[in-house]
Amino acid sequence: MADYTPTIPDALAGRIRYQDSRFHASQELKGNLILDALFAEYTEKTGASIIPCEWYSPADYEQSFGIRYAHDGLNIGAAGEQSWVDRLLYDLLTRALEKKATDIHVSYMGPYTQINFRRLGRVIPEMTLNGEEGIQFIRGIFQGQYSHAESGFTEHERYDGRIADHKFLPPDLFAVRLHTEPLESPHIYEPGVSLSMRLFYDTTSATGTLKERLGSLGYTSEQQNLIHGFTERSGLTLISGPTGSGKTTTLKNILEALTQYVPTKNYYSLEDPPEYTLLGVKQLKVFTKAASDAERLSALLNALAGLMRSDPDVIMLGEIRYEEAASSAIQAALTGHSVYSTVHASSAIGIIARLHEMGIPLESICTDRVLNGLIYQRLIPHLCPECKQKLTDNLKLLSPELTERLKKIYHGNLDGIYIKGKGCPHCLDMGLVGQQVAAETISCADRKLISYFRENKLYEAQRYWMNECGGKTHVEQALERIASGLVDPVIAEERLGVTLDHDFAYREA
Ligand SMILES: [Zn+2]
């Protein structure tokens with residue numbers, strides 16, 4: 001018994017180790033089938049009736065045993081040799097993490113290759129490679145062992161892939177989504193290539209109550225209370241916002257807070273594919289290699305049917321793109337489940353318009369038994385407090401139109417408003433520090449509001465919500481942050497995609 005040493009399976013490497021005659025494991029492994037098999041083998045080999053195992057929170061585990069996937073992560077290939085592609089990829093991902101970039105863009109243009117990072121929503125040049133290196137790098141990523149894309153990458157076609165194997169990723173990165181597009185390049189006859197890499201962070205360390213988590217994302221305390229109310233009822237809660245606006249992060253935080261504070265429910269998610277690890281949630285994925293929409297839909301509906309047979313209480317659906325998926329979500333809500341999902345729309349009330357366009361009969365969804373809440377969010381960068389500049393000292397930097405709008409909105413008083421400075425060590429030369437949501441949150445418990453929805457009177461609904469229900473739009477939330485000197489008005493307009501006076505039309509004088 002004493003000289004038995006279990007072999008840790010590769011799939012668990014970096015999250016559990018056997019040391020001083022006992023296991024030391026990170027808590028997220030609890031319930032893992034491979035771990036159960038390892039423990040069963042240990043029991044069989046040693047005759048022990050109790051498994052000696054110490055559990056650690058993921059953060060404590062990293063503290064105690066070093067970073068999870070580091071160092072042994074890059075022994076790629078049978079000979080353990082790293083190619084320069086492997087090294088460059090790992091190095092780029094590490095730098096992107098340090099700078100909190102959300103995306104890496106690699107553009108091969110023939111004679112040269114430009115690599116940019118997207119940080120706080122802005123595209124910033126990072127490095128250049130010569131043309132040959134660039135195309136070898138892109139090909140290497142698709143032909144290497146990282147992504148599970150089928151082989152046969154060519155510059156002529158669009159291509160999708162994914163790096164999810166933690167051996168190839170720096171710690172704190174959950175996955176990287178890859179997408180290429182052929183690119184017209186004036187320099188060469190063959191197409192260039194644009195490779196976008198979306199980074200999914202492993203933010204398992206977020207903690208706190210639902211309200212604390214929502215507060216840290218930028219939700220006001222009023223909005224936190226509303227969303228907390230949504231979680232206490234069954235029904236459908238839909239969240240919307242442009243790509244990259246952090247919808248999935250918000251849903252992740254809602255679900256993780258629920259699993260922590262209401263552990264007596266059965267939580268499931270269904271995504272195609274999962275973007276993050278959700279602690280305490282059983283994550284199902286849609287199994288499909290299907291290319292056509294019809295095949296994807298049928299795989300999704302199969303997965304949904306399976307989910308409904310798994311006795312769920314709370315369900316998160318990755319995104320509602322199809323009428324049939326929406327109908328399943330409505331059915332689940334009607335039968336007493338809490339359902340969370342995302343929809344593409346341009347405002348909270350715009351979600352109703354989107355559902356209508358998808359062919360959902362509004363009378364079936366717009367009842368207080370089905371619809372719980374509507375959330376819309378965009379991300380707005382916040383100014384670096386160390387180097388921001390007073391607007392009134394820099395009025396010449398603004399367009400005359402924006403200056404006029406600001407004077408109108410703030411009744412001529414621009415004293416508290418700041419704009420982005422040149423950057424300093426505090427903000428890593430960005431002039432900005434982090435992003436917060438500008439959001440709007442609508443409870444569907446109000447009968448008059450929901451009857452406007454049912455009749456598809458969305459203009460009236462917007463006015464009623466704003467003027468009678470105390471509703472505040474995401475643009476108005478941004479305006480308050482501008483007035484407090486937290487947000488640059490130029491960046492806010494850029495990011496909101498509308499002029500800052502956009503919602504005045506709905507307000508009654
Ligand atoms: Zn600064």
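Helices (H or I, at least four residues) and strands (E, at least two) are DSSP runs, numbered here from the N terminus. Residue numbers start from 1 along each chain as its sequence is written. The model is predicted: local features need pLDDT of at least 70, side-chain atom pairs count only at pLDDT 80 or more, and totals for chains, interfaces and linings use all residues.

**First stop: E126**

Select E126, which is found in strand 6 (residues 122-130). A residue is called buried if 20 or more other C-beta atoms lie within 10 Å of its own, exposed if 12 or fewer, and partly exposed in between, with C-beta atoms placed from the backbone. E126 counts as partly exposed because it has 18 C-beta neighbours inside 10 Å. Contact between two residues requires C-beta atoms, placed from the backbone, within 7 Å. Leaving aside neighbours within four places in sequence, E126 is in contact with I115, N116 and F117.

**Second stop: the domains**

Colour the chain by domain, with bounds that come from an automatic or database domain assignment. The assignment gives domain 1 (10-66), domain 2 (73-201), domain 3 (210-379 + 437-471) and domain 4 (388-421 + 473-509). The C-alpha centres of domain 1 and domain 4 lie 54 Å apart.

Two strands pair if DSSP finds at least two bridges between them. Select the open sheet of seven strands, whose order is 12-11-13-14-10-15-18 and whose pairing is mixed. Strand 12 (282-285) and strand 18 stand at the edges with a single partner strand each, so one side of each is left without a neighbour in the sheet. From one strand to the next, the twist averages 20 degrees. The angles use axes fitted as lines to C-alpha atoms, for helices over the stretch in contact, and run from 0 to 180 degrees between N-to-C directions.

Now display strands 15 and 18, which run antiparallel and are joined by 10 bridges. Y376 stands opposite E440 in strand 18. Helix 6 (residues 221-231) packs on the sheet and touches strand 10 (235-240), strand 15 and strand 18. The direction of helix 6 makes about 55 degrees with that of strand 18.

**Fourth stop: the nonpolar cores**

A nonpolar core is a set of buried Ala, Val, Leu, Ile, Met, Phe, Trp, Tyr and Cys residues joined through C-beta atoms within 7 Å. Which residues have the most contacts inside the largest core? They are A329 and I351, in a core of 107 residues. Strand 15 (residues 371-383) supplies the largest share of this core, seven residues. Apart from it lies another core, of five residues, including I16, F23, A25 and L35.

Select helix 15 (residues 474-483), in which H474, V475, Q477, A478, L479 and I482 are buried. These buried residues pack against strand 15, helix 12 (400-409), strand 18 (432-443) and helix 16 (489-496). Just after helix 15, G485 takes a positive phi of about 75 degrees.

**Last stop: two loop residues**

S21 lies in the loop between strand 1 (16-19) and strand 2 (22-26). Although not a glycine, S21 has a positive phi of about 60 degrees. S21 is exposed, with 11 other C-beta atoms within 10 Å.

Finish at D429, in the loop between strand 17 (418-419) and strand 18. D429 is not a glycine, yet has a positive phi of about 65 degrees. D429 counts as partly exposed, with 13 C-beta neighbours inside 10 Å.
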